[in-house]
Every structure is written in C-alpha cells, then in structure tokens.
Amino acid sequence: MAHRGHNRDKKNGKLQIEFGLLCNVDGRPIAVEVFEGNTGDPATVADQINKLRNRFGLQRVIIVGDRGMLTEAWIREEFKTTDGLDWISALRSPAIKKLIRTNKIQPGLFDEYDLAEITSPDYPGERLMVCRNPSLYVQRKEKREDLLRATEDKLQKVVKATQRKRSPLKGKDEIGIRVGKILNSHKVGKHFELNISDESFSYERREQQIREEAALDGIYVIRTSVSPDVLNTEETVKTYKGLSMVERAFHSLKSVDSKVRPIHHRLADRVRAHVFLCMLAYYVEWHMRQRLAPILFDDEDKRIVDGLRKNVVAPAQRSAKAKRKATSKRTEQDDLPVHSFQTLLADLATIVKNQIQPLIPGSPIFDKLTIPTYVQQKALDLLDIRL
C-alpha cells in the first residue's frame, strides 16, 4: 500500500500510506480507512459516503470537510446528484476575491457583526456564510508588513551593492541569484516589481496587489447546501469549525499519543490492522479525557467555553476555571497537581503488580499491587476503575 505521494510533512521521496478518519460532531472517532499512498484526498470522499450510508444505514448525511477534501468537482458530481446528502465546506481564495470584485462582500458587511450570510448566482441553491476574524485580520496585516519591510531591507542592500564604487555587483545572472535568495527567504516576492539590468537593480511594491490581498485578511467564506431550518447561520459556522477536533485527532494519531508512525508491516491487512488499533487507542483516549478533565489542564464544560465567545467567529476562550488550573497548577476542589494527559499516564504507569515469594518454606507465591498515591486514586475513581 506504500507509495510516493503528496507528503504534508514535507518528507518528500518517502513511501507513505493515506488514511481517512471519520469523527462525529464531538470529535469522537467513528471509523478509519486506509488507502494507498498515492491516493488524493478528494478520491477518498466517495468511500466515506458509502460507508456512512451503507454500513451505518444513515439516510441523511452532512459531510463536513475542508476545501481540499470537498472540491468543486466532487460537490458537482457526487453531492448535487444524490438525495439526502449535504455538505459544509469553504471557498478558496480566488473564489473569495471574485465575490469581493462583484461587491458581494463589502467592508460595511461587518460594521455590526463579524458574520453575514449572502447568496451568489455563482452558487445556486447554496448558502454562503462570510466570516471575519478580527484578531486574525490584525495578525495577518502586521505579519505581511513585517515581511515586506524585512524583504525591502535586504533588497536595498543589493541596490547599494550595484552602486558601490569598488567591485560593484554586476551582471543580470549574479544580481538575479542574490535577489532570488532574498525573495525565497520571506515568500513575499509576488508583491514586488523588479527591474534587473547588467549594471543596476531597482524594485517597488505592487500596492494594488497588496491591497487586494489585504482585503482577504481574516475573511473566510463557508458554503453549504444545508437548509436554514436544519442549521442556522451560526450553527453552520460552528459545525465547520469543528473540523479542528478532527485535526486534533489526526495529530494525536500521527505523532502525539498513538504514534501510528513508523509502520513495521508490509502486508496490506496488517497495515490496516495497525491503523485500526491506533484508532481504537485514540477512541479510548477520547473517553478517558472526558472523565479525567477535572485533573487535567483541559476545560471541563464545553458549554461554558462556548458561552464565553462574543460570537461563533471569535477565537475560542478558556474558562476561568481552566485558567486558574493553568496558573496555579493545582485543582480547586482537592488541591491536587494538574497534569497533561501524557504526564498523568506516566504517573499511572508507576502502579505495578509485584510477585512475592515468601522465605517461609512451602509458602505460595502471591501478587501484590503497589498502593496508589492520592492523585493516582483520584484518576482511577474518575475512570471508575477498581484495583
């Protein structure tokens, strides 16, 4: 099953497999499927739809996926031609730019609220939710300006190198190599107009292009076929943002807890079994985290957290209780040390079963468990485990 394909971790040239993880709205894993390593993300969608409808017997399905998974072609060919199948996804930047050029998205749209629902003839029968994240808007604006200034500072040194009296920098090739290294370092070369000759070099910003890109700062557009009587505007946005829980599950599977890599199997069935066991491990972890939340840094009540947001577009906030746990490193109720999930597992791993052989002749061998500490016993009680 291992093939060379698009590697998201930029480990190019390595053999890999693809696997698709299905989670419910709470981030709990439901199913996993392994694909050959050269399979593109969109090609896995049909299998997941068939799994939901046939294996699980669901007549009404709403698929939530990012813009790389639910492509325009899949939406047109699969979703729009199948009854009982809806989707929630997002538009790519070129599509958002087009909405801005046609005045479907205007600055005044966010005067009162950072979320608005619009329609467009380019998306018949669909709802478009335009969102603006104010903090992300400021962050991207400042980062772009910092990168532009840093690039200009380095380009100016090249200008001076071509103008110096002693050993000036000459030749289109030599100047171009120096400039190319600078543009590659900050990735904003598209925003500069360059003029290179054999004996000189100059540059200027493409202000119009920069303004067009700045118009997209903090803005994303969610598209859906779900009717408003099923999910209103805010519920639709919240559902799409729930993809972060799937990404967290993937991250845990790949590198944090289950560590699906490396895979020391060659037969396809064994590779599938390996990935399936990793998913089951994360399923156990998901349930453990829910129960152990009082002694972890995690928030204990998601409803309180949701209520802290000014609106569904605003960044997630931590509850006051979770902030106090993070500051004091102690629980409020029992004054116990607060753990991460990994450190708590390491603590629980010190509970061992010893096999004891008394020195008395003829005495039988017996087992004895080490006595749990107060923290360990608290964790065992929350997990409803009796030693």
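This is a predicted model: local features need pLDDT of at least 70, side-chain atom pairs count only at pLDDT 80 or more; totals for chains, interfaces and linings use all residues.

Reader: Which residues of helix α13 are buried?

Author: In α13 (residues 374-382), the buried ones are Val375, Gln376, Ala379 and Leu380. Buried means under 20% relative accessible area, exposed over 50%, and partly exposed in between, with a 1.4 Å probe and protein chains only. Helices (H or I, at least four residues) and strands (E, at least two) are DSSP runs, numbered from the N terminus.

Reader: Now α3. What is buried there?

Author: Ala95, Ile96 and Leu99 are buried in α3 (residues 93-101). Viewed down the axis of α3, the buried residues fall within an arc of 100 degrees, so they line one face of the helix. They pack against β6 (127-132) and β9 (219-224).

Reader: Which exposed residues are on the face turned away?

Author: Pro94 and Arg101. α3 is followed by Asn103, whose phi is positive, near 65 degrees.

Reader: Change of topic. How many salt bridges are there?

Author: The structure holds 25. The criterion is a side-chain nitrogen of Lys or Arg within 4 Å of a carboxyl oxygen of Asp or Glu.

Reader: What does Arg60 pair with?

Author: Arg60 meets Asp86, at 3.0 Å from N to O. The two belong to distant parts of the chain, 26 residues apart: Arg60 is in the loop between α1 (45-55) and β3 (61-64), and Asp86 is in strand β4 (residues 85-90).

Reader: Is Asp86 buried or exposed?

Author: Asp86 counts as buried, at 11% relative accessibility. Arg60, at 45%, counts as partly exposed.

Reader: Which residue does Lys378 bridge to?

Author: Asp334, with the closest N and O atoms 3.3 Å apart. This pair also links distant parts of the chain, 44 residues apart, with Lys378 in helix α13 and Asp334 in the loop between α11 (320-328) and α12. Lys378 counts as partly exposed at 22% relative accessibility, and Asp334 counts as partly exposed at 25%.

Reader: Which residues form a network?

Author: Salt bridges link Arg144, Lys190, Glu213 and Asp217 in a network.

Reader: Last one, the second largest pocket. Which residues lie nearest its centre?

Author: Tyr137, Ala214, Ala215, Asp217 and Ile219, out of 18 lining residues. On a 1 Å grid over the protein atoms alone, a pocket is an open set of points where a 1.4 Å probe fits, with protein on both sides within 12 Å along at least five of seven lines, and lining residues have an atom within 4 Å of a point.

Reader: What supplies the largest share of the lining?

Author: α4, with 5 residues.

Conventions: Residues are numbered from 1 along each chain as its sequence is written. Side-chain values use heavy atoms; hydrogens and water are left out. The arc is that of the directions from the helix axis to the C-beta atoms. Contact means heavy atoms within 4.5 Å.
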